[in-house]
Each structure stands twice: as structure tokens, then as C-alpha cells.
Amino acid sequence: MKHALRFLTFLVLAVFIFASVSALASPNADPLVSGDTIVYVTRTGSKYHRDGCGSLSKSKIPITLKEAIESGYGACKRCNPPKL
């Protein structure tokens, strides 16, 4: 019984450490995000946005994430859109 409890404690700690290291290694990693993910830009802005961002009230032009980054757009700090 004593060995089983030690093993279980070790196992829980190992899983916790692995999850923590994984989160630190790639904090923005989202398996559903790719270069083909649609984000939005405005006619005059320099940022790309998530759908529904308040900054898109005047214009909302769909573009792929890859195209937005290649065109020099930066991520909006207000809506925190996906990053590659």
C-alpha cells in the first residue's frame, strides 16, 4: 500500500510537470490554428482581428492569417487573435 501511494504521488507530479512545461514551451499553440485561419483587417488599420472585435465596426475584410502576417499586419491587443 505504501509503495502504491508513492507511485501515485510520483505519477501525479510527473503529469503536472509535463503539463506545465508544455504550456510554457508553446503558450499560443492552438492545434486548430493554421495559415488558412480567417482573421479580419480594416481598410486603414495595421492590425488583424478576431471576428467580433470592436475595432471592426467600420470595415471588416476577411484574410487568411498567413496573408495578414506576410502583409505586415500585427495582432490586435484588444481581441488577441491567433498567432502562428
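This is a short talk through one protein chain, its elements and a few of its residues.

Hi everyone, and thanks for coming. Please keep in mind that we are looking at a predicted model, where local features need pLDDT of at least 70, side-chain atom pairs count only at pLDDT 80 or more, and totals for chains, interfaces and linings use all residues. Residues are numbered from 1 along each chain as its sequence is written, and side-chain values use heavy atoms, with hydrogens and water left out.

Let me begin with confidence. pLDDT is the predictor's confidence in each residue, on a scale from 0 to 100. For our protein chain the mean pLDDT is 81, and 65% of the residues reach 70 or more. Which element has the lowest mean pLDDT? That is helix 1, residues 2-25, with 59, while strand 2, residues 47-48, has the highest, at 97. Where pLDDT is low, the predicted coordinates should not be read in detail.

Now the layout. Helices (H or I, at least four residues) and strands (E, at least two) are DSSP runs, numbered from the N terminus. We have two helices and four strands here, and from the N terminus they follow the order α-β-β-β-α-β.

Next, what is inside and what is outside? Buried means under 20% relative accessible area, exposed means over 50%, and partly exposed is in between, using a 1.4 Å probe and protein chains only. The chain has 84 residues, and 25% of them count as buried.

Let's visit Asp 36, in the loop between helix 1 and strand 1 (38-41). Asp 36 counts as exposed because its relative accessibility is 63%. Lys 66 is 30 residues from Asp 36 in sequence, with 6.6 Å from C-alpha to C-alpha. Lys 66 belongs to helix 2 (residues 65-70), and its relative accessible area of 45% makes it partly exposed.

On to Lys 47, which sits in strand 2. With a relative accessible area of 35%, Lys 47 is partly exposed. Its C-alpha atom is 5.3 Å from that of Cys 76, 29 residues apart along the chain.

Lys 83 comes in the segment after strand 4 (74-75) and is partly exposed, at 31% relative accessibility.

How many salt bridges are there? The rule asks for a side-chain nitrogen of Lys or Arg within 4 Å of a carboxyl oxygen of Asp or Glu, and the count comes to one. The salt bridge links the side chains of Asp 51 and Lys 60, at 2.4 Å from N to O. Asp 51 counts as exposed, at 51%, and Lys 60 as partly exposed, at 42%.

Ser 55 is in the loop between strand 2 and strand 3 (61-64). Ser 55 is partly exposed, at 31%, and its C-alpha atom is 8.4 Å from that of Thr 42, 13 residues away along the chain.

I'll finish with a backbone detail. Most residues other than glycine have a negative phi. Asn 80 is not a glycine, yet it has a positive phi of about 50°. You will find Asn 80 in the segment after strand 4, and it is partly exposed because its relative accessible area is 44%.
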